[in-house]
Amino acid sequence: MSTGRIASVSTSIIDVPLRRPHKFSVLEIGHQSLVLVRVRTTEGIEGIGEGVTPGGPWWGGESAETMKPVIDRYLAPIATGHDVADIQQVRAIMDEQVSENRFAKAALEIALYDAWGISAGLPLHALLGGLVRTAIPVTWALGAADADEIIAEASAKLDTGQHASFKLKMGSQDPDSDVRRIEKVAAALVGRASLRVDLNAAWDELTAARYLPRLQDAGIALVEQPLPAWNIDGMARLCQQLEMPVMADESLRSEHDALRLAMTRCGDIFSVKITKSGGFTVTQRIAAVAHAAGIPCHGGTAIESPIGTAAAAHLYCSLPAVTYGSELFGPLLMAEDLLTEPLAYRDGQLHPPHGPGLGITLDEDKIRRLTRT
Ligand code: MN
């Protein structure tokens with residue numbers, strides 16, 4: 001039985017304001033820009049997807065402004081005409097005809113899955129193999145703000161009882177003052193909260209070997225990607241040197257990266273993301289490699305809106321290897337909700353929706369208002 005074919009693919013850029021500026025190692029954003037992908041089938045069904053990067057091309061070379069033309073001109077024609085369930089075939093042709101552009105491919109793959117799920121009357125998590133957990137814990141990401149600002153925001157979150165785990169961004173200042181800043185935060189919060197830091201590849205190995213033990217002594221529970229993506233050997237040496245776990249993020253994009261990282265023990269934990277890996281398919285392969293190597297996975301984020309966050313929740317809750325929680329806090333950082341009914345965050349956990357496809361409905365008035373013209 002055919003569930004219909006892909007009739008058209010359209011895209012638009014949406015700019016969503018944030019509740020507060022979010023600071024990464026190299027830039028600060030006050031809004032998040034995303035590419036909204038709409039796939040329409042011959043049966044009149046619409047599937048939606050989101051293309052998003054952490055605030056611009058600094059992380060992986062892509063941005064909302066690069067994704068839109070790549071999807072419009074190259075990826076959309078590949079998908080058009082295929083049966084809505086032909087995802088692996090569309091995927092293979094996309095990889096054959098378009099190198100890299102993983103964030104753009106992820107956006108389209110999410111929309112294809114949504115259209116397939118709605119056509120089949122099944123939630124995405126059922127198409128992805130079924131739930132292995134009904135919800136996933138969410139770590140709150142605090143950005144690279146001043147120590148006092150971070151302590152105030154984390155304390156307020158702790159008071160609500162919603163979050164007890166926080167991720168701090170580093171790498172935006174010189175290592176010495178950056179480490180002093182984190183030590184001050186740790187002195188105020190360790191014992192009440194679990195703290196982790198993300199260097200976003202900002203340090204060289206010498207700097208990391210010198211400063212990471214200080215963060216460990218301060219009670220930091222985990223360090224994410226201290227070294228540049230290419231420095232696999234250096235990351236493996238840090239894993240040996242440190243007692244606190246080292247999480248690989250920028251070094252891990254493809255299933256081939258996953259195999260290499262697992263073989264060299266570069267990363268005690270893998271951060272998986274649908275965005276950086278080009279969709280569900282490759283992320284599933286990465287999680288399978290991690291599973292085979294006994295490496296726990298953490299459900300990462302590129303600060304997705306509720307669209308990409310719902311997609312991630314479906315996948316992370318259906319992957320047995322994702323045992324290390326998530327940082328799916330994107331919708332909570334946004335000042336506008338794009339859905340008619342918000343995603344279900346309860347007790348510090350995100351529960352995937354249960355309707356067909358992504359299981360979400362866009363607030364079209366809001367989408368119109370936030371669409372870039
Ligand atoms: Mn990261």
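Asp198 has Glu224 in E8 as its bridge partner. The strands concerned, E7 (residues 194-198) and E8, pair in the parallel sense over three bridges; pairing requires at least two DSSP bridges between two strands. Helices (H or I, at least four residues) and strands (E, at least two) are DSSP runs, numbered from the N terminus.

The model is predicted: local features need pLDDT of at least 70 and side-chain atom pairs pLDDT 80 or more, whereas totals for chains, interfaces and linings use all residues. Residues are numbered from 1 along each chain as its sequence is written, and side-chain values use heavy atoms, without hydrogens or water.

## The manganese site

Asp198 and Glu224 also belong to the metal site: the manganese ion is coordinated by Asp198 (OD), Glu224 (OE) and Asp249 (OD), at 2.1 to 2.4 Å. Donors are N, O and S atoms within 2.8 Å of the metal (3.2 Å for Na, K and Ca); water is not among the atoms, so sites may look incomplete. Along the chain, the spacing of the donors of the manganese ion is D-x25-E-x24-D. Glu224 sits in strand E8 (residues 222-224), while Asp249 occupies the loop between strand E9 (246-248) and helix H9 (255-264), so this pair links parts that are 25 residues apart in sequence.

Although it is not a glycine, Gln225 has a positive phi of about 35 degrees, and it is buried, with a relative accessible area of 0%.

## The parallel sheet

Strands E7 and E8 are part of an open sheet of seven strands with parallel pairing, in the order E5-E6-E7-E8-E9-E10-E11. At its edges stand strand E5 (140-143) and strand E11 (297-299), each of which pairs on one side only. On average, neighbouring strands of this sheet are turned by 30 degrees against each other, direction ignored.

| Helix | Strands touched | Angle between directions |
|---|---|---|
| H5 (residues 147-160) | E5 and E6 (165-169) | about 165 degrees with E5 |
| H10 (residues 280-293) | E10 (269-272) and E11 | about 170 degrees with E10 |

Strand E10 is covered on both faces: Ile269 and Ser271 on one side, and Phe270 and Val272 on the other, are all buried. E9 and E10 run parallel and are joined by two bridges. Ile269 in E10 is the bridge partner of Met247.

## Domains and their contact

The domain assignment, which is automatic or from a database, divides the chain into domain 1 (6-121 + 363-370) and domain 2 (127-351). The centres of domain 1 and domain 2, taken over C-alpha atoms, are separated by 23 Å. To the contact, domain 1 contributes 37 residues and domain 2 contributes 48 residues. About 3600 Å² is buried between domain 1 and domain 2, and carbon and sulfur atoms give 63% of this area; buried area is the accessible area (1.4 Å probe) that two parts lose on being put together, summed over both. On the side of domain 1, Arg20, Trp59 and Arg102 lose the most area to domain 2, together 19% of what that side buries.

Ile14 is found in strand E1 (residues 6-23) and is buried, with a relative accessible area of 0%. Apart from its neighbours within four places in sequence, Ile14 is in contact with Gln32, Ser33, Leu34, Leu36, Ile367, Leu370 and Thr371.

Strand E2 (residues 28-41) runs antiparallel to E3 and is joined to it by seven bridges. Val37 stands opposite Gly49 in E3. The hairpin of E2 and E3 has four residues between the strands, and here Gly44 takes a positive phi near 85 degrees. Strand E3 (residues 46-52) is largely enclosed by the rest of the structure, because six of its seven residues are buried.

## A loop residue with positive phi

Asp347 lies in the loop between strand E12 (344-346) and strand E13 (349-351). Although not a glycine, Asp347 has a positive phi of about 55 degrees. At 65% relative accessibility, Asp347 counts as exposed, whereas Gln225 is buried.

Conventions: Buried means under 20% relative accessible area, exposed over 50%, partly exposed in between (1.4 Å probe, protein chains only). Axes are lines fitted to C-alpha atoms, for helices over the stretch in contact, and angles run from 0 to 180 degrees between N-to-C directions. Contact means heavy atoms within 4.5 Å.
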